[in-house]
Amino acid sequence: MSRLRTAGWLLLELIMWIVCFPIALVLLIMRLLGRGRGEDAEARVASLLQWYPASWRRRHGDELEALLHDAIADGRDDLALSLDVARAGMGERLSTVTAKRVSAGLMAGTGWTLFFPQGIVASVLVMVDGMPPTWFVALHLTGAAQWAAITFNILVGAALVFASMRMFARDCARRRRTA
Amino acid sequence: MAEHIDELGRYSGPATLILSSLAEAPKHGYALMQDVEAFAGVVLRPGTLYGALTRLEKMGMVEALPSDGRRRPYRITGAGAAALEAQLASQRRVADVGLRRLKARGVLA
């Protein structure tokens, strides 16, 4: 019976990752490109404009909005138009990326990994008997060393996340001052 | 300020088309799209058009005029006209050489 249940769970996981997840991803991308079902021109244009950073939209948003409405009204509304706007918008976003923001992103990612999976989740798993250690560092240790590692991960992880958020907020404030 | 359209990298092609269109008269975005498609047969989509237009504006080759509703016309500046002339002269040299060599091979009539 347990083999049948395991097989059933495996099948469900396969269906989720091979079928449902790609379908959901495609639907999400179509929605982000302003091509979700039921979207009118207004909603579509609004979706497409979101690809651009706020600073760019403040300067040129109205003009691009008018251009998109003209293009859609003229029957030029196809996937190529959506992809073109998305590509250009992402290009504008990437042009605003600075070394400080990249550092803040790396710190946030590292900090979150230490704080949550390697810290909080590991602290719960340590209390469950028979858990395989897999990628949880603390579970490969024994005794007091486990809790020392978990405490270290939580404290350092939280500090990194806080520092990254502060770095990001300062960069945003600097941009607002110089804009 | 930059003087050469080539400095725009992958936007240099669209920039040449946009400046050629604006050399006639100031235009807003959609009028630019239509004019470029009419004289060059190239469809400049909104993302590419505004990518080139905003870069041309930063380089001082075009300037924005007061908005007409939500549409904002752009016009070519003196620097833009000079850069366009240089770019088209360079392209003409290449075209002349290419056509002459094809003719010499007997490929062209």
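Colleague: What makes H3(A) and H4(A) partners in contact, and which residues meet?

Modeller: Contact means heavy atoms within 4.5 Å. On that criterion Trp56(A), Arg57(A), Leu68(A) and Ala71(A) of H3(A) meet Leu81(A), Val85(A), Glu92(A) and Arg93(A) of H4(A). These residues divide into 5 nonpolar, no polar and 3 charged; nonpolar covers Ala, Val, Leu, Ile, Met, Phe, Trp, Tyr, Cys and Pro, charged covers Asp, Glu, Lys and Arg, and the others, Gly among them, are polar. This is a predicted model, where local features need pLDDT of at least 70 and side-chain atom pairs pLDDT 80 or more, while totals for chains, interfaces and linings use all residues. Residues are numbered from 1 along each chain as its sequence is written, chains are lettered from A and ligands numbered from 1 in the order written, and side-chain values use heavy atoms, without hydrogens and water.

Colleague: Why are H3(A) and H4(A) called roughly antiparallel?

Modeller: Helix H3 (residues 54–73) and helix H4 (residues 79–95) of chain A pack at about 175°, with their axes 13 Å apart. Axes are lines fitted to C-alpha atoms, for helices over the stretch in contact, and angles run from 0 to 180 degrees between N-to-C directions. Under 35 degrees counts as roughly parallel, over 145 as roughly antiparallel, 65 to 115 as roughly perpendicular and the rest as oblique. H3(A) and H4(A) are therefore roughly antiparallel.

Colleague: Why is Asp77(A) called buried?

Modeller: Buried means under 20% relative accessible area, exposed over 50%, and partly exposed in between (1.4 Å probe, protein chains only). Asp77(A) has 19%, so it is buried. Its place is in the loop between H3 and H4 of chain A. Leaving out residues up to four places away in sequence, Asp77(A) touches Arg35(A), Arg44(A), Ala71(A) and Ile72(A).

Colleague: Why is Ala158(A) called partly exposed?

Modeller: The relative accessible area of Ala158(A) is 32%, so the residue counts as partly exposed. Ala158(A) sits in helix H6 (residues 144–178) of chain A. Its C-alpha is 8.1 Å from that of Leu114(A), 44 residues apart in sequence.

Colleague: How many helices and strands does chain A have, and how many does chain B have?

Modeller: Helices (H or I, at least four residues) and strands (E, at least two) are DSSP runs, numbered from the N terminus. Chain A has 6 helices and 0 strands. Chain B has 4 helices and 2 strands, in the order α-α-α-β-β-α. Of the 179 residues of chain A, 31% are buried; of the 109 in chain B, 39% are.

Colleague: How do you know how much area chain B and chain A bury between them?

Modeller: Buried area is the accessible area (1.4 Å probe) that two parts lose on being put together, summed over both. Here that comes to about 1900 Å², 51% of it on carbon and sulfur atoms. On the side of chain B, Tyr30(B), Tyr50(B) and Arg70(B) lose the most, together 35% of what that side buries. In contact terms, 21 residues of chain B face 23 residues of chain A.

Colleague: Which residues of H4(A) and H3(B) meet?

Modeller: Leu81(A), Asp84(A), Val85(A), Arg87(A), Ala88(A) and Glu92(A) in H4(A) meet Pro46(B), Gly47(B), Thr48(B), Thr54(B) and Arg55(B) in H3(B). That set has 4 nonpolar, 3 polar and 4 charged residues. H4(A) and helix H3 (residues 46–58) of chain B pack at about 35°, with axes 7 Å apart.
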